[in-house]
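Me: I have just opened this one and would like to go through it with you. Could we take it question by question?

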Protein chains: 2
Amino acid sequence: MPFDRLIEKITALQNPTVVGLDPSPERIPAFLRDAAYERYGETPEGAAEAVLAFNKGIIDALYDIVPAVKPQCAFYERLGWQGMRALHETIRYARAKGMFVIADGKRNDIGSTMKAYAEAWLGAVCTGGAPYEPFGADALTVGGYLGRDGIAPLLDACKDFDKGIFVLVKTSNPSSGELQDVMTGDGPVYRRMGLLCEQWGACLPGRYGYSAVGAVVGATYPSQLTELRALLPHTFLLVPGYGAQGGSAADAAKAFDQNGLGAIVNSSRAILYAYEKEGCSGRDYAAAARREALRMRSELTAEIGKMKF
Amino acid sequence: MPFDRLIEKITALQNPTVVGLDPSPERIPAFLRDAAYERYGETPEGAAEAVLAFNKGIIDALYDIVPAVKPQCAFYERLGWQGMRALHETIRYARAKGMFVIADGKRNDIGSTMKAYAEAWLGAVCTGGAPYEPFGADALTVGGYLGRDGIAPLLDACKDFDKGIFVLVKTSNPSSGELQDVMTGDGPVYRRMGLLCEQWGACLPGRYGYSAVGAVVGATYPSQLTELRALLPHTFLLVPGYGAQGGSAADAAKAFDQNGLGAIVNSSRAILYAYEKEGCSGRDYAAAARREALRMRSELTAEIGKMKF
C-alpha cells in the first residue's frame with residue numbers, strides 16, 4: 001500500500017513533512033533564469049527549463065531529510081505543455097532520489113474521464129509500443145464532489161499500481177466553510193466527505209492502519225483536524241496551511257495518531273524561497289531550503305514526538 | 001462577456017450544442033494512428049499527433065454548424081506532456097475556426113494556485129519575453145468545493161481576458177447525489193452551490209442576462225435542471241448527460257429559458273465515434289460526426305424552438 005511506503009520513509013527520516021514544489025519562474029533565483037534564457041530564449045521553454053533546474057536543486061538538497069515532495073500542477077500548466085514536460089521530469093527526478101511524490105492536481109471527474117486521469121497521474125498507458133507512465137506520481141490529490149463514480153476508477157489504479165489518493169475534505173483556506181461547513185442532518189458537509197473517504201478506502205487497507213484513500217485537512221482548522229483524526233482512523237491526512245497560512249506546529253500535530261503517524265504536513269514557499277527570508281544569495285537557495293526544512297522538522301517533532309510503528 | 005459571444009454564436013447557428021473532444025488513440029480510426037506512428041513511432045508523441053489529426057478533422061467538419069468544442073483535459077494528460085501539446089494545438093485550431101472553446105478541467109484550488117490555473121487556461125503569462133497564452137481557452141470548468149477563495153482569481157481572469165467559468169453544481173453521474181443531494185438547512189448541497197454561482201457572477205453581468213459564471217447541471221436529472229433554471233436566472237448552464245448517459249432532448253430542453261437561450265448541451269463520443277455506430281469506414285469519421293451533429297441539432301431544436309435574443 002502506498003501510504004505504508006510513505007510511513008516507512010517518514011519513520012526512517014523522523015520527518016512528517018512534504019515540500020510543495022510550486023515554483024514561479026519570476027521568483028526563482030535570477031542565475032537559474034538567466035542560464036535557461038541564455039540557452040532557450042525568453043520563451044515558455046526557457047521558463048520551464050529554469051523551473052526544472054530549480055526543482056532539481058531543491059530535491060538534491062532535501063532528499064536525505066524530507067520524505068516527499070508535492071508538485072502543484074497549476075504552476076506547471078501555467079507554463080503550457082513545456083511546463084508539463086518540466087513536471088514530468090521533476091517527478092521522475094524526485095522518484096529516482098527515492099522521494100514519494102504527491103501530484104497536487106485536485107482532479108475530479110467520472111467514469112472513463114477519471115480513468116484517464118488515474119492513468120495520467122498514477123498509472124501507465126499503452127497506446128501501442130511500450131507502456132509508459134505519463135506523469136508517474138505516487139499519489140494524487142482529488143475532489144470528491146462527484147461521489148463514488150469519481151473515486152472508483154482511482155481505486156482501481158491505486159490497487160493495480162500501488163498508488164494513493166488524497167480527497168479534499170476540509171481545506172485550509174478562509175472561505176472553505178462556505179460549502180464545507182454547511183450543516184446537514186449528519187453534521188457539516190466536510191464530515192460527510194471524510195466519512196466517504198473511510199468508506200472508499202475500506203477495500204484498500206494498509207499495514208499500519210491507513211488505507212490508500214487519504215484526505216486533505218488544513219492545519220488552519222485545528223478543532224476540525226482533531227475531530228477528523230478521531231473520526232477517520234484509517235484515513236491518512238495531508239495537512240496544508242502550516243506556516244504562512246497561519247497554522248502552527250501545535251495545530252498540525254493534531255493530525256497525528258498516538259504513534260506520531262497518520263499524517264504529513266506541507267510547506268511550500270517557506271522552504272522554496274527560504275533564501276529570500278534569510279537574505280542570502282540566490283545561489284544558496286538550496287542550502288537555505290535545507291536549513292528551513294530542518295527547522296520545520298524540529299518544530300514538528302517537538303510537538304509530535306518520535307514516529308514509530 | 002464570454003457567454004454573450006457564445007449566445008450570439010448559438011443563435012447564429014441555431015444550435016445549442018458543444019462537442020466534447022475526448023479522443024483516445026486506441027479508438028480513433030486506424031488510418032490516423034498508422035500515419036502518426038509511421039512518422040513518430042509508437043510513442044506518446046505518435047499517439048498525441050494522431051489525436052491532434054483526429055481533432056482537426058472533427059473541427060473542420062463541424063465549425064460551420066456547431067458553436068463550441070469542449071476538450072476534456074484528462075484525455076490529453078493521459079498522453080503526457082506530448083498530449084498537452086496536442087491540446088494546446090487543438091484549442092488554437094478550434095479558435096482559429098471561430099469556435100468557442102471550453103476546457104473541461106474541473107480545476108479547483110485557492111489563492112496563487114488558482115491564479116496560476118486561471119492564467120494557464122484563460123489568461124496570458126509573461127515570464128520574460130512576449131506574453132503567451134499557455135492554453136488559451138474561452139472558458140474553464142471548475143469545482144466550487146473550496147468556496148470563494150477558489151473562484152475569486154478566476155473572476156479576475158474572466159474580467160481581464162473576457163473569459164468564463166462553469167462551476168460543478170449537479171453533475172450527471174449516478175452517484176452525484178452522495179454529496180450533492182445531502183440536505184442542509186437551505187435545501188440540498190447542489191442548490192447551495194448553485195446560489196453561490198449566482199452570487200459569484202453578479203459582478204460580471206452579460207448583455208443577455210447571463211453572467212460569466214456558469215454552472216454544470218446534468219440532463220440526467222431533469223427535475224433538478226428545471227429547478228435550477230428557475231432558481232439561477234443569470235447562470236448559463238453547461239449540460240452533460242445527453243445521449244449515452246440517458247438524458248433525452250426533452251430533458252436537456254429544461255435547461256433553456258423562454259428565448260431558447262441560457263444553456264449548451266454536450267455530446268462527446270456519440271459524435272466523435274459516429275462512424276462506428278453508422279458502420280461506415282473510419283476514413284469517413286468526420287462526415288459521420290457531422291451527420292450526427294446535425295441529427296442532434298434537429299432533435300434539440302424540435303424541443304427548444306427558435307433561439308433568439
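Predicted model: local features only at pLDDT ≥ 70, side-chain atom pairs only at ≥ 80, totals over all residues.

Me: How many residues of strand 10 of chain B are buried?

Reply: A residue is buried with 20 or more other C-beta atoms within 10 Å of its own, exposed with 12 or fewer, and partly exposed in between, the C-beta atoms being placed from the backbone. In a regular strand the side chains alternate between the two faces of the sheet. In strand 10 of chain B, one side holds B:Ala263, B:Val265 and B:Ser267 and the other holds B:Ile264 and B:Asn266, and both faces are covered. The buried count is five of five residues.

Me: What do the eight strands 1-2-3-4-5-8-9-10 of chain B form?

Reply: Strand 5 of chain B runs parallel to strand 8 (residues 213-217), with five bridges between them, and B:Ile165 stands opposite B:Val213 there. Parallel pairing is found in the arrangement of the eight strands too. They make a closed barrel.

Me: At about what angle does helix 5 of chain B run to strand 2 of chain B?

Reply: Axes are lines fitted to C-alpha atoms, for helices over the stretch in contact, and angles run from 0 to 180 degrees between N-to-C directions. Two residues are in contact if their C-beta atoms, placed from the backbone, lie within 7 Å. Helix 5 (residues 80-96) lies across strand 1 (17-21), strand 2 and strand 3 of chain B. Its angle to strand 2 of chain B is about 175°.

Me: Which element of chain A is among those that cover the buried residues of helix 5 of chain B?

Reply: Helix 5 of chain B is mostly covered, with 12 of its 17 residues buried, including B:Trp81, B:Met84 and B:Leu87. From chain B itself, the cover includes strand 1, helix 3 (44-62), strand 2, helix 4 (73-77) and strand 3. From chain A comes helix 5.

Me: How many residues does helix 6 of chain A give to the side of chain A that touches chain B?

Reply: The contact takes 62 residues from chain A and 62 from chain B. The elements of chain A that give two or more residues include helix 3 (44-62), helix 5 (80-96) and helix 6 (111-121). The largest share comes from helix 6 of chain A, namely six residues.

Me: How far does helix 7 of chain B reach from its first C-alpha to its last?

Reply: Helix 7 (residues 148-161) of chain B has 14 residues, and B:Ile151, B:Leu154 and B:Leu155 are among its buried ones. The expected span of a helix is 1.5 Å times one less than its number of residues, and here the expected 20 Å is close to the reach, which is 20 Å.

Me: Is B:Asp162 buried or partly exposed?

Reply: B:Asp162 follows helix 7 of chain B and sits in the loop between helix 7 and strand 5. Its phi is positive, about 60°, although it is not a glycine. With 15 other C-beta atoms within 10 Å, B:Asp162 is partly exposed.

Me: What about A:Lys106: buried or exposed?

Reply: A:Lys106 is in strand 3 (residues 100-107) of chain A. Phi is near 45° at A:Lys106, a positive value in a residue other than glycine. Since 28 other C-beta atoms lie within 10 Å, A:Lys106 is buried.

Note on methods. Residues numbered from 1 in each chain as written. Chains lettered and ligands numbered in written order. Helix = DSSP H or I, 4+ residues; strand = E, 2+ residues; numbered from the N terminus. Pairing = 2+ DSSP bridges.
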